[in-house]
Amino acid sequence: MAGTASAGFLVALDWVTNWREAHPWALALLPVAGLLIGLAYHYFGTRVVRGNNLILDEIHRPSQRLPLRMVPLVLGGTLVTHLFGGSAGREGTAVQMSAALADQLTRWLGLRPRDRRLLLIAGMSAGFASVFGTPLAGAVFGLEVFLLGSIRYDAVLPSFLAAVLADWVTRAWGVGHTHYPTLGELPLTPALLGGTLLAGALFGLAARAFATLTHGIGKVFSRINYPPLRPVVGGVLVAGLLWLAGPVRFGGLGIPVIIEAFQHPLAPTDWAWKLVLTALTLGCGFKGGEVTPLFFIGAALGSALAVVLPLPVALLAAMGFVGVFAGAANTPLACTLMGLELFGSNAAIYLGLACVVAYLFSGHRGIYASQVVGQAKHLRLSRQQGRQLGELE
């Protein structure tokens with residue numbers, strides 16, 4: 001189910017992206033798109049509006065099955081967001097669809113709450129793996145994402161099976177994924193290690209800034225009493241900023257810019273534009289994921305750093321690609337595996353080190369407010385163990 005859902009979603013996403021790029025005037029209708037999304041969730045999806053955070057809550061404290069309506073709502077909301085130029089991703093959509101579909105099996109199979117947790121974790125793994133074509137990263141993402149600093153080992157087999165099979169099904173439908181450059185072999189030198197440590201710290205701070213800004217914007221927009229109006233107001237702001245920055249370059253996923261980041265140093269403002277636009281798009285109520293924009297932010301920041309750090313531009317872009325995501329989602333192991341699956345194993349040490357350092361420097365902040373601190377990142381933060389990230393803001 002996850003592989004089929006992701007395949008259909010990716011095909012539809014390609015279509016709306018191509019249509020938007022051929023019709024730049026569509027950006028003017030972004031506020032109208034926001035109203036449609038706001039009305040749909042206000043009247044039909046009040047319980048599922050929290051998206052991935054609802055899934056994490058159900059893993060931590062099972063209460064009731066995820067509504068099946070989560071699938072069409074997040075699918076439609078994401079496609080509409082991309083159709084009219086919002087800066088958003090796709091991971092959240094795939095994960096929510098897969099988890100909601102998987103949870104329907106709870107009733108059919110008569111599963112207990114403890115088994116339902118494993119099913120939800122496997123569903124998240126399947127959605128992530130199938131939408132990005134990274135089964136190993138997807139499997140570990142589901143195991144790692146809901147409990148910061150810990151892994152649920154009793155879900156290892158279900159997660160790996162679900163991730164591998166979902167990825168296989170998506171490919172069996174003939175749906176491909178973006179291909180990124182394979183990194184060449186690199187020596188282990190003090191200069192490269194030092195540059196990696198510094199870059200990893202900057203990636204972690206960028207991840208922290210993104211998470212903080214997104215949640216902050218969400219709180220500001222929550223002051224608008226009628227929820228459907230929030231993405232309308234936000235849509236006006238996003239559309240205006242996109243006209244200034246460049247709707248084709250910074251709207252939607254931004255895959256072409258990510259590819260460009262591996263080829264030559266990008267402008268030092270590219271990553272900042274994407275960070276602000278994505279935080280505003282998602283914070284005001286549009287739908288989609290955070291991960292692909294985080295890839296953009298990280299790759300663009302890493303590429304820009306090539307001007308001042310003595311590291312190859314492709315290596316810096318690759319480290320930023322996975323490092324910023326590792327810091328924002330608090331999933332360093334999954335992101336390290338993603339780096340190996342997408343860019344090859346030649347730079348494994350540098351990719352892994354960048355992810356770990358970014359994870360540490362992002363602190364107890366993240367894009368998922370319902371993540372629970374299982375093991376504090378630093379001893380001075382040990383009192384925060386057992387609490388959700390949303391409570392620490």
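Student: What are the ground rules?
Tutor: Residues are numbered from 1 along each chain as its sequence is written, and side-chain values use heavy atoms, without hydrogens and water. The model is predicted, so local features need pLDDT of at least 70, side-chain atom pairs count only at pLDDT 80 or more, and totals for chains, interfaces and linings use all residues.

Student: How many aromatic pairs does a search of the whole structure find?
Tutor: The search finds 15. Rings of Phe, Tyr and Trp (its six-membered ring) pair if their centres lie within 6.5 Å; planes under 30 degrees apart are stacked, over 60 edge-to-face, the rest tilted.

Student: Why is the pair of Tyr 180 and Phe 321 called edge-to-face?
Tutor: The centres are 5.1 Å apart and the planes are at 70°. That angle is over 60, so the pair is edge-to-face.

Student: What does this pair tie together?
Tutor: Tyr 180 lies in the loop between α8 (156–172) and α9 (190–221), and Phe 321 in helix α15 (residues 313–329), so the pair ties together parts 141 residues apart in sequence. Helices are DSSP runs (H or I, at least four residues), numbered from the N terminus.

Student: How do you know whether Phe 321 is buried or exposed?
Tutor: Its relative accessible area is 0%, so Phe 321 is buried. Buried means under 20%, exposed over 50%, partly exposed in between (1.4 Å probe, protein chains only). Tyr 180, at 11%, also counts as buried.

Student: What makes the pair of Phe 295 and Phe 321 stacked?
Tutor: Their centres are 4.0 Å apart and their planes at 15°, so the pair is stacked. Phe 295 lies in helix α14 (residues 291–305). Phe 295 is buried, at 2%.

Student: Why is the charged end of Lys 377 said to sit over the ring of Tyr 359?
Tutor: It lies 4.2 Å from the ring centre. The rule asks for NZ of Lys or CZ of Arg within 6 Å of the centre and within 35 degrees of the ring normal. Lys 274 sits likewise over Phe 296, at 5.1 Å.

Student: At what angle do α5 and α6 pack?
Tutor: Helix α5 (residues 91–109) and helix α6 (residues 113–132) pack at about 145°, with axes 7 Å apart. Axes are lines fitted to C-alpha atoms over the stretch in contact, and angles run from 0 to 180 degrees between N-to-C directions.

How values were computed
Helix = DSSP H or I, 4+ residues; strand = E, 2+ residues; numbered from the N terminus.
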